[in-house]
Amino acid sequence: MLANSLQALDRAHLIHPVVSLREHERKGVTVLQSATGCYLTDSEGRQLLDGFAGLWCVNAGYGHKSIVDAAAEQMMRLPYATGYFHFGSEPAIRLAAELAELAPEGVDHVFFTLGGSDAVDSVIRLVRYFWNARGRQTKKHFIALESGYHGSSTTGSGLTALPLFHTGFDVPGPWQHHIPSPNPYRHPAGPDGDAIIRACVQSLRDKVAELGAETVAAFIMEPVQGSGGVIVPPAGFARAMQEACRELDILFIVDEVITGFGRTGPMLACEHEGLTPDFITIAKGLTSGYAPMGAVLMADRVYQVIADAAPEGTALGHGLTYSGHPVSAAVALEVLKLYRGGMIDNAHRAGAYFGQRLREFRDHPLVGDVRSQGLLGAIELVSDKATKAKFPAEARIGPRLAEAGYRHGIIFRAFNDGTLGFAPPICISQDEIDLLIARVGATLAEVTNL
C-alpha cells in the first residue's frame, strides 16, 4: 500500500529532472529506500550495486555514521548562518581554507554555492566582472567544448553542448560558442592523441580569431567530459588548452563538478597535468552527495582585480542565501577526512583495476570503444564496429540497457546513444568491481542477445 500511495503521489505532483514527463507518468517512480556502502535497496527490497554513485556524487559511499553525526551536531549547534554582511560560521571558514590548501598553487579563494550549476553561473558573472574591472568591456564571449556539460541553469545550459538541454529553451545565446570535443574515438584527427591536441588548440585559436580576440572572455572545459559520454581526452590536452588560453589572453575555467574528489584518482583532476586555472568549479563529491553544496575556486590573480574594482565600501553584488551553509560545510569537512583517511589511496588502486576489467569488453562484437580514467568509465556500443555507426533512436538502446541492468542488480548511466557510463563510489573494493563487471556482462548479453 505504501508503494502504491507513493506512486500515485509522485505521478500527481513531483516533476523529475531530465525525464520524459509523459513517459514517467506511464512508467512510474522507482523508490529507493535505503543504502549502505556501494549498494542501494529499493522499496521492493531489491538490492542494487550502485555503479554510478547516485549521480556521479556519492564518492565516499552510503551509510557513514561519522558524516551523519557531523551534520546532526552542526544542526543542533548552528543550523544556519548567513555569509552576508560580514557574518560567517566556523565550518564554512575551515572548509574554504582546506579547499584552498588542496587546490592548485595560486588558487586561494572560495565562493560557496548550492551545487554545480550555480557554481558555473557564478563563474560567468565573476568573469564578466573581472573583464569590466580591467576596462575590457568587450570581452563577453565564452567558448566551451562540444559534448560538454556545464549545468542546466539559464546561463550554464548554453555552455552545455548537448541538444537535449537546448531544444525549446532558447539556448545557447549569441555569446556562447563550442569547438570540437577531443574524443579519441570519434575526432577526425584521431586516434593519435598529439594530432587531436593540435587540432583542438587550432580550433580554439580559429574560434577566437573568428569572434575577435578583444571579444572573448573565457574558455571552459571538463577534464573528462561526463554527461557527454565519459569522454577521456588525450594526455596533455588540458595543459595545451591552458597554454593557448594564456597566449590568447582569455580566462581558463576547469569544471571539476564530476571529476573532483578522487573520481579520476587524485583529489582534483587538475593534478594530472599540473593545471593552474583561473577558476575551478566543484560540487558533487565535495559532500559525497550527503548535503547540497558546490563552490567556485578562484585564482588570487583574479581575486585581486575583482576586490580592487569597486569603490571603498561598495559591495560585490553577487550572493546566495545558502552560500557556505554551516551544515553542508560540516558534512564536507567530515567527507574530506574520509578521503584523506584512505579513500583517495583506494581510488588509485581501484581505478587501475576497474580500467583493466572494463577493457575486457573491447572484444564484444557491439562494443566500439571502452575508456576510463580512475573510477570514471564508459562502454560505447555501436551497431557496426567498422563504421562506428550508432544505434537508431527507434532501437531505444539506452532505456533497454537501463532496464536490463536493473534486472541484473546494477545501476549505471545508460545514455540514449548506447553508451554505458560508470562512476562507482571510490570506496569500492576489488570484489565489488568484479561483481560490477559480471553484472554489466549479463546486461550486455541480454540486450544484445549474445
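Me: A salt bridge is a side-chain nitrogen of Lys or Arg within 4 Å of a carboxyl oxygen of Asp or Glu. How many salt bridges does this rule count?

Reply: In this predicted model, the count comes to 22 salt bridges.

Me: Why is the pair Glu-23 and Arg-396 called a salt bridge?

Reply: The side chains of Glu-23 and Arg-396 meet at 3.1 Å, N to O. The cut-off is 4 Å between a nitrogen of Lys or Arg and a carboxyl oxygen of Asp or Glu, so the pair qualifies.

Me: And what makes Glu-23 and Arg-396 a tie between parts apart in sequence?

Reply: Glu-23 belongs to helix α2, while Arg-396 sits in the loop between β12 and α12 (397–407), so the pair links parts that are 373 residues apart in sequence.

Me: Let's turn to the domains. Which residues make up domain 1 and domain 2?

Reply: The domain assignment gives 31–63 + 342–449 as domain 1 and 67–341 as domain 2. Their centres, taken over C-alpha atoms, are 26 Å apart. The contact draws 37 residues from domain 1 and 29 residues from domain 2.

Me: How much area do domain 1 and domain 2 bury between them?

Reply: About 2,700 Å² is buried between domain 1 and domain 2, with 56% of it on carbon and sulfur atoms. The accessible area lost when parts come together is often used to give the size of an interface.

Me: How do you know that Arg-186 and Glu-380 form a salt bridge?

Reply: Their side chains meet at 2.8 Å, N to O. That value falls within the 4 Å cut-off, and therefore the pair counts. Between domain 1 and domain 2 the count is 1 salt bridge, alongside 22 residue pairs in polar contact, both residues at pLDDT 80 or more.

Me: Which element gives the most to the side of domain 1 that touches domain 2?

Reply: That is α11, with 5 residues. By class, this side of domain 1 has 19 nonpolar, 12 polar and 6 charged residues.

Me: What is noted about the backbone at Asp-170 and Pro-172?

Reply: A cis peptide bond joins Val-171 and Pro-172, with omega about 5°. Asp-170 has a positive phi, near 60°, in a residue other than glycine. Most residues other than glycine have a negative phi, and most peptide bonds are trans. Pro-172 is in the loop between α7 (156–159) and β6 (176–179), and Asp-170 is placed in the loop between α7 and β6 too.

Notes. Residues numbered from 1 in each chain as written. Predicted model: local features only at pLDDT ≥ 70, side-chain atom pairs only at ≥ 80, totals over all residues. Heavy atoms only, no water. Domains from an automatic or database assignment. Contact = heavy atoms within 4.5 Å. Buried area = accessible area lost by both parts, 1.4 Å probe. Polar contact = N/O pair within 3.5 Å; in protein donor to acceptor, adjacent residues only side chain to side chain. Helix = DSSP H or I, 4+ residues; strand = E, 2+ residues; numbered from the N terminus. Nonpolar A, V, L, I, M, F, W, Y, C, P; charged D, E, K, R; others polar.
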